[in-house]
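Please examine the sequence and the structure shown below before reading on. The paragraphs that follow lead through the chain step by step.

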Amino acid sequence: MVAPLLEIEDLQVHFETRRGIARAVNQVDLTLYAGERFGLVGESGSGKTTLILALLRMIKKPGFIAGGKALMEGIDLLQLDQEQVRQTRLARVAMIPQGAMNSLNPVLRIGEQLALAMREHGQPPQEGRIAELLQQVGLRTEVSQRYPHELSGGMKQRVCIAQAISLRPRLILADEPTSALDVVVQRQIMQTLRALQEGLGATVLLVGHDMGLMAQFAQRLGIMYGGKLVEVGTVEQIFRSPQHPYTQLLIASIPSFDRKGEFRGIPGVGLSLLNPPGGCLFHPRCPKAMPRCASQEPQLREVAPQQQASCLLYEEARG
Ligand code: SF4
């Protein structure tokens, strides 16, 4: 049995606005296991990026962590003081950002910025380490002498991956790391990330909405809707037998050769976090909604071995 690496319990991230509180991450429970590749999927505004920013304590005002725990090997990441957060980032939990260009320092050579990050953590790179890191991500060692503007988008993303693995973290959070790249480069980068993850034995939490990419990379998937985790299962379960109506529509909306020319969307519009519906958040759009869905809130519960869904179809009527 693989041990849990990260146990997220009742995580809540809110944003205070003039029109009220927006619950961007709403009572999320999720366990990630050591060495697994987990994909977190959802439409824009579903809370997936906010969730990983909370783990790194990067939520900025007017946002705040309103409650919950994130236990990593027994230590609550949400209770660390500022110095502990600084020590934890990169060394234990690293992030591969969405926009590589914005996260690299434009006036430092690549080798200098990789070394700087390691020095900041009291682990100055030993001779040959920078070259080794660049080679691990498929770059030539001479890239260490270049500035970010001299690299292509794919090369910059590889530098970000090199930085993320430089201190051999246990958990890597990847926020749509290839969304700005063409499909060929995208595939190569995900293969590199997978090889590195397996070599390190690290856990990767990949956030995105590209279901094809998720199917190739992840072993388990979590589906988010309106800040809530509505389904968790293995990749095979989510693609072959999704249980939550939202997941079913999401899978049905993936273009297929069999249904050429026909696009299937999810009915209705995304919910307003400032004015969410009562009961199940998905009920105004759900083709399987029942009268009690408008008033009763479903809980995430086991619907098959290793598969959980939050839907009243799997709950007895209460009261
Ligand atoms: S609880 Fe009701 S509205 Fe929500 S997903 Fe299930 S059937 Fe649909």
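Helices (H or I, at least four residues) and strands (E, at least two) are runs assigned by DSSP and numbered from the N terminus. Two strands are said to pair if DSSP finds at least two bridges between them. A hairpin of 2 residues links strand 1 to strand 2.

Some conventions come next. Residue numbers start from 1 along each chain, in the order in which its sequence is written. The model is predicted, and for that reason local features need a pLDDT of at least 70 and side-chain atom pairs count only at pLDDT 80 or more, while totals for chains, interfaces and linings use all residues. The pLDDT is the predictor's confidence in each residue, from 0 to 100. Its average over the chain is 92, and 97% of the residues score at least 70.

Strand 1 (residues 4-17) and strand 2 (residues 20-33) run antiparallel and are joined by 10 bridges; Thr17 has Gly20 in strand 2 as its bridge partner. Strand 1 also runs antiparallel to strand 4 (residues 63-72), with 8 bridges between them, and His14 stands opposite Phe64 in strand 4.

Strand 2 contains Leu32. A residue is buried if 20 or more other C-beta atoms lie within 10 Å of its own, exposed if 12 or fewer, and partly exposed in between, with C-beta atoms placed from the backbone. Leu32 is buried because 21 other C-beta atoms lie within 10 Å. Two residues are in contact if their C-beta atoms, placed from the backbone, lie within 7 Å. Leaving aside residues up to four places away in sequence, Leu32 touches Pro4, Leu5, Leu6, Phe38, Thr203 and Leu205.

Which buried residues does helix 10 contain? In helix 10 (residues 245-252), Pro245, Tyr246, Thr247 and Leu250 are buried. These buried residues pack against strand 9 (220-225), strand 10 and helix 9 (235-240).

Pro62, in the loop between helix 1 (48-55) and strand 4, is joined to Lys61 by a cis peptide bond with omega of about 10 degrees. Glu73, in the loop between strand 4 and strand 5 (75-76), is not a glycine, yet has a positive phi of about 50 degrees. Glu73 counts as partly exposed because it has 13 C-beta neighbours inside 10 Å.

Finally, the model includes a ligand. A residue is near a molecule if its C-beta atom, placed from the backbone, lies within 6 Å of it. The ligand is surrounded by 14 residues, of which Cys280, His283, Cys286, Cys293 and Cys311 are the closest.
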